[in-house]
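Q: Hey, I'm new to this one. Can you walk me through it?

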Number of protein chains: 4
Amino acid sequence: MIAVGIVGGTGYTGSELLRILAGHTQVSLMAITSRAEAGSAVAERFIHLRGQVDLVFTEPDPSRLSECDLVFFATPNGTAMKLVPELLARGTRVIDLAADFRLKDGALWERWYGMPHACPELLAEAVYGLPERNREAIRSARLVANPGCYPTAVLLGFLPLLEAELVDPGWLVADAKSGVSGAGRTASVGMLMAEVGESFRAYGVSGHRHLPEIAQQLMAVTQTEPRLTFVPHLVPMIRGIQATLYARLEGSGVDLQALFEERYAAEPFVDVLPAGSHPETRSVRGSNYCRIAVAEPPDRGTVVVQSVIDNLVKGAAGQAVQNMNLMFGLDESTALANPAWLP
Amino acid sequence: MIAVGIVGGTGYTGSELLRILAGHTQVSLMAITSRAEAGSAVAERFIHLRGQVDLVFTEPDPSRLSECDLVFFATPNGTAMKLVPELLARGTRVIDLAADFRLKDGALWERWYGMPHACPELLAEAVYGLPERNREAIRSARLVANPGCYPTAVLLGFLPLLEAELVDPGWLVADAKSGVSGAGRTASVGMLMAEVGESFRAYGVSGHRHLPEIAQQLMAVTQTEPRLTFVPHLVPMIRGIQATLYARLEGSGVDLQALFEERYAAEPFVDVLPAGSHPETRSVRGSNYCRIAVAEPPDRGTVVVQSVIDNLVKGAAGQAVQNMNLMFGLDESTALANPAWLP
Amino acid sequence: MIAVGIVGGTGYTGSELLRILAGHTQVSLMAITSRAEAGSAVAERFIHLRGQVDLVFTEPDPSRLSECDLVFFATPNGTAMKLVPELLARGTRVIDLAADFRLKDGALWERWYGMPHACPELLAEAVYGLPERNREAIRSARLVANPGCYPTAVLLGFLPLLEAELVDPGWLVADAKSGVSGAGRTASVGMLMAEVGESFRAYGVSGHRHLPEIAQQLMAVTQTEPRLTFVPHLVPMIRGIQATLYARLEGSGVDLQALFEERYAAEPFVDVLPAGSHPETRSVRGSNYCRIAVAEPPDRGTVVVQSVIDNLVKGAAGQAVQNMNLMFGLDESTALANPAWLP
Amino acid sequence: MIAVGIVGGTGYTGSELLRILAGHTQVSLMAITSRAEAGSAVAERFIHLRGQVDLVFTEPDPSRLSECDLVFFATPNGTAMKLVPELLARGTRVIDLAADFRLKDGALWERWYGMPHACPELLAEAVYGLPERNREAIRSARLVANPGCYPTAVLLGFLPLLEAELVDPGWLVADAKSGVSGAGRTASVGMLMAEVGESFRAYGVSGHRHLPEIAQQLMAVTQTEPRLTFVPHLVPMIRGIQATLYARLEGSGVDLQALFEERYAAEPFVDVLPAGSHPETRSVRGSNYCRIAVAEPPDRGTVVVQSVIDNLVKGAAGQAVQNMNLMFGLDESTALANPAWLP
């Protein structure tokens with residue numbers, strides 16, 4: 001049994017971690033911390049977990065957490081970096097679901113996240129937890145930076161094209177759309193149902209924190225700095241991310257469908273749909289799958305990739321558990337095999 | 001292993017049966033039939049089941065179905081009754097998720113369902129599959145009539161009060177609300193999102209088929225015909241039923257909270273919430289739970305019960321699997337233990 | 001031209017007042033106040049009013065406000081009562097869209113609203129602004145208490161029955177449902193779309209502020225204290241209230257359809273639908289109408305009334321303008337004649 | 001007074017035409033036709049128009065329609081072209097809200113719409129009814145082809161850039177999103193709320209009928225065939241279109257904000273938002289406005305334009321009335337001045 005702790009389990013990713021781990025036969029959930037909720041039962045705050053989770057929230061205590069084999073951080077950005085060095089030093093492995101360890105360049109991190117980094121020396125060691133790209137490194141990692149939700153959807157769509165050098169990295173467009181749970185469980189006027197329901201809009205056109213994260217991973221493939229225009233949008237639904245990706249084909253005659261199918265043939269959680277498909281977010285809702293379709297509209301020299309994930313599962317808690325499974329030598333799909341929730 | 005067949009698996013209850021049974025370790029899914037879809041793969045129609053279910057829809061064939069230990073009917077009303085006698089005769093047990101065997105009185109059934117009944121002689125034998133009321137009878141039943149969605153929510157709320165003879169059966173009100181998946185997966189203008197989204201209304205005020213079904217079950221408790229006013233409403237959401245029940249207290253001083261908690265203490269799928277709670281449908285979404293709260297607003301002599309279920313799970317496919325588990329001597333919760341889907 | 005001011009125009013009722021008054025040919029909008037937004041343009045906060053309203057928010061200033069013929073208060077409860085005495089003294093008439101003047105009994109008000117009342121001496125004078133009940137008094141009122149949203153829907157449904165003494169006032173049930181805009185434009189976790197979307201629940205079962213307001217108005221008809229059980233619910237939609245009302249008929253043989261049609265024949269904003277109808281909230285969305293249907297399900301001795309309004313229009317800003325039109329001798333429908341918004 | 005007829009008024013665009021024209025002081029609505037509904041009152045089908053429209057649906061009768069000054073066709077594609085020649089011959093002007101007269105090339109039309117064109121000789125005469133581009137021609141037109149919803153949003157966003165020759169017409173991307181009312185009021189499984197609610201997806205990646213319509217209009221500006229990749233998406237909301245447009249800047253240093261503001265300074269229904277804005281669809285809901293923002297994300301050589309309209313108003317019925325106002329010498333904004341509906 002893997003002894004597991006969760007720091008900051010009161011938001012949506014924490015709630016999803018609890019749901020998934022409650023069904024994981026190899027995990028013993030030791031502690032879940034929340035300063036705000038310390039002393040209250042998890043099932044009081046999350047009624048849907050009554051009868052499933054009988055833990056009580058506690059204050060975060062590094063010495064208690066270090067008794068765990070693994071600690072998940074489901075905290076706001078900037079929290080994990082303060083505790084991680086001590087946990088690693090004591091031999092506890094860490095998966096951070098926030099952004100603290102996603103960028104390799106500490107200066108870049110500080111610019112986008114607006115605060116000094118508490119342990120930039122760990123950035124080089126942290127493994128970017130996208131199993132479809134870094135599976136082997138994840139297995140032996142002490143510290144995994146769990147990818148952002150948008151980056152997961154966008155990268156899985158672009159990787160086959162860039163790895164095969166089929167498109168111009170100098171002109172990439174990612175038009176991405178997210179449900180409102182991506183904004184987290186924090187009081188705000190802007191996320192009231194009366195504000196975001198029955199409406200649609202872009203945001204972050206001038207720059208979004210997931211842009212440098214995506215760019216860093218793309219550059220690992222292309223070597224040169226790609227020029228990506230990334231525009232996120234807010235969809236009046238709760239869960240799900242859909243990304244429509246546009247790139248300029250260099251050359252022609254390649255069987256894109258076969259390329260994608262081969263690239264992901266061995267992947268348990270990437271499902272390339274038949275040609276002509278339009279993946280919908282509900283086809284992955286509540287599941288750890290990414291569903292992808294690739295198409296080449298006639299006479300335009302453009303490839304269009306559609307990619308869908310559940311932002312809270314493959315885009316957060318599910319991918320974190322997938323990484324945990326890899327780190328502890330378990331079947332990668334343990335506790336993640338459920339189909340999507342539909343309708 | 002229980003050899004299981006599903007007749008009519010192309011709607012929402014069929015889809016949920018597939019999802020639940022795909023995770024059931026004691027079930028071998030032998031056949032799923034659909035005249036309209038015969039020959040096509042389940043995973044073509046239900047993209048979310050790709051990689052989970054590899055069956056192909058077939059024509060309904062009684063001889064093949066009778067090789068199953070159990071057949072679920074997820075068909076429109078009036079279909080099961082044509083095949084059930086033959087299946088029972090061949091030793092196959094049946095759970096009907098439609099209404100064909102829910103009423104004991106054949107004439108009443110014909111009035112409400114507008115067609116002659118094909119096998120009224122089986123109505124007496126059929127067991128009404130509400131485990132919280134008929135558990136022992138279900139265990140040995142050949143034929144189970146799976147309850148309607150509204151009746152499940154309403155009965156679980158009223159039963160403790162009527163069993164304890166605390167309220168006047170001559171004046172009961174059930175104001176019930178359902179998500180749109182209750183209307184099924186059938187093309188209609190009235191269920192377009194542009195018609196039912198962002199709106200709320202009642203329907204069936206002058207009479208709904210679930211009324212005689214509820215009344216029959218209440219009468220089994222009260223012996224006299226209850227006078228129930230039942231008004232269903234349509235909520236702009238996909239899943240979930242909420243019922244607010246009103247009854248006139250006879251006498252006073254009873255601890256209603258204790259009454260409900262004791263009545264359901266041993267029930268794996270009925271969760272009585274603490275006093276003062278307002279159960280929300282999402283707290284049971286995708287799960288087999290019914291969550292209930294009971295309250296007595298001051299100075300009014302009235303008791304108010306709130307009851308929520310997922311119409312497709314405890315209100316249909318989940319309860320059907322719960323019944324199957326009972327019929328085959330399994331742990332009642334097998335394949336049904338997952339928490340609700342939230343957010 | 002009527003010189004009009006609005007105090008507290010940054011919420012949904014303020015926004016609707018602005019929309020309606022922008023199309024009112026007899027109104028000159030002089031001032032709109034907001035401490036938080038003072039100095040910023042209305043059209044900066046409400047993008048949808050760009051090109052329609054060119055006012056700038058100002059600090060509330062009684063001397064400036066008293067230059068208006070009429071001031072609307074679209075403020076939180078407890079604000080209007082602090083300014084109203086001075087405005088009335090200076091000859092400015094007032095319509096309060098909050099609850100400050102809705103109850104006649106100051107002690108009762110203080111119990112439900114949890115604060116002392118600043119001017120209880122005005123409670124007797126304030127006219128409850130339900131034109132269908134108090135039209136003549138409204139015409140000459142200095143101070144109008146604009147009804148709550150639930151009370152408007154519930155009262156218009158019950159009034160014909162109680163005025164005609166057809167039902168038992170000792171057993172009334174109002175099961176009411178509201179869209180989320182009823183909770184206002186205030187940051188809260190509980191009203192995030194990820195929390196209230198795709199879910200349905202009751203609230204306030206043990207008591208809601210609109211209960212004494214409804215009871216007071218019913219008692220003005222019945223003379224005796226009615227026993228009303230009122231349960232509000234939250235619907236995952238933005239606008240609209242639907243109330244399903246249940247009462248016990250005393251006697252029989254009355255043509256309820258004719259009763260309702262006659263009661264409201266002369267009312268410009270109450271539309272009694274044909275027998276058998278199920279009014280939906282979208283049929284009044286954005287309009288000042290209340291649509292009503294009355295039914296008597298067979299053999300139960302019960303009458304069921306369905307009533308729908310837009311909570312922000314007939315339930316707030318529209319009814320306020322209707323009252324203003326009456327107070328200033330205008331056609332009651334001025335600026336309120338638009339049909340509902342559908343789909 | 002303009003005598004107006006509507007052919008095919010039972011869908012959403014017909015319903016919106018009725019709503020807008022009911023408030024138009026210069027219009028006398030003479031006839032509304034529907035084969036399916038002939039003989040029934042408009043207000044029976046459209047409850048929200050009770051008390052607003054007292055017409056009865058009639059069979060379409062060319063001789064009666066030709067008594068009108070203007071006939072709107074709110075019919076499926078392929079219907080108007082059968083009646084238009086006769087109406088024009090009799091001196092009745094026509095605005096077609098369907099696609100029959102949108103393409104100049106009859107062969108191209110037949111390929112995309114899958115049927116022979118009944119009067120290709122009229123395609124040259126028909127004026128494409130985008131006032132921001134063709135105002136003068138519209139004034140004197142006999143036959144106006146009202147633009148499609150996507151083309152309206154996309155063209156208004158691209159036109160300033162292409163007219164100023166600032167971007168490469170060889171690489172344009174339009175990622176467009178529509179609410180579900182765009183699919184019309186026709187029974188289908190795919191548009192059930194249980195199917196499209198809480199989900200998001202693209203459609204028509206391999207080709208959509210609005211693509212040649214947009215391309216034709218762009219080519220009128222650029223002279224050369226532009227290469228546009230157009231991908232429409234379905235948003236779980238009822239009304240609204242948002243388009244995010246991507247183009248490659250040629251040269252630099254141009255003040256894009258000023259360019260857009262100047263291009264649309266005199267336009268009553270195009271509102272260029274301040275730099276940094278993210279227009280949301282609800283800011284134009286129910287109104288005839290198009291709201292636009294233009295941005296240039298740093299270091300990418302790309303311009304991003306966001307454009308929002310209400311698909312049923314500026315994208316259909318509102319624009320049709322705007323065209324009518326122009327054709328009959330009225331103030332262009334007559335009956336169209338209402339602000340958007342929010343929240």
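Q: How many residues does the contact take from chain C and from chain B?
A: This is a predicted model, and in it the contact takes 40 residues from chain C and 40 residues from chain B.

Q: Which elements give two or more residues to the side of chain C that touches chain B?
A: On chain C they are strand 7 (167–178), helix 8 (193–196), strand 8 (201–202), strand 9 (228–234), strand 10 (241–249) and strand 13 (302–309).

Q: And what's that side like by class?
A: The side of chain C that touches chain B has 18 nonpolar residues, along with 12 polar and 10 charged ones.

Q: OK, switching topic. What superposes chain A on chain D?
A: A rotation of 180 degrees does, with 0.0 Å of shift along its axis, and the RMSD is 0.0 Å. The two copies are therefore related as by a two-fold rotation axis.

Q: What about the surface those copies meet through?
A: They meet through the same surface, because 97% of the interface residues of chain A are also interface residues in chain D.

Q: Now inside chain D: which strands pair with strand 1?
A: Strand 1 (residues 2–7) of chain D pairs with strand 2 (residues 27–33) of chain D in the parallel sense, over six bridges. Strand 1 of chain D also runs parallel to strand 3 (residues 70–73) of chain D, joined by four bridges.

Q: Which residues are the bridge partners of Val4(D)?
A: In strand 2 of chain D the partner is Leu29(D), and in strand 3 of chain D Val4(D) has Leu70(D).

Technical notes: Residues numbered from 1 in each chain as written. Chains lettered and ligands numbered in written order. Predicted model: local features only at pLDDT ≥ 70, side-chain atom pairs only at ≥ 80, totals over all residues. Least-squares fit on C-alpha atoms with pLDDT ≥ 70 in both. Contact = placed C-beta atoms within 7 Å. Nonpolar A, V, L, I, M, F, W, Y, C, P; charged D, E, K, R; others polar. Pairing = 2+ DSSP bridges.
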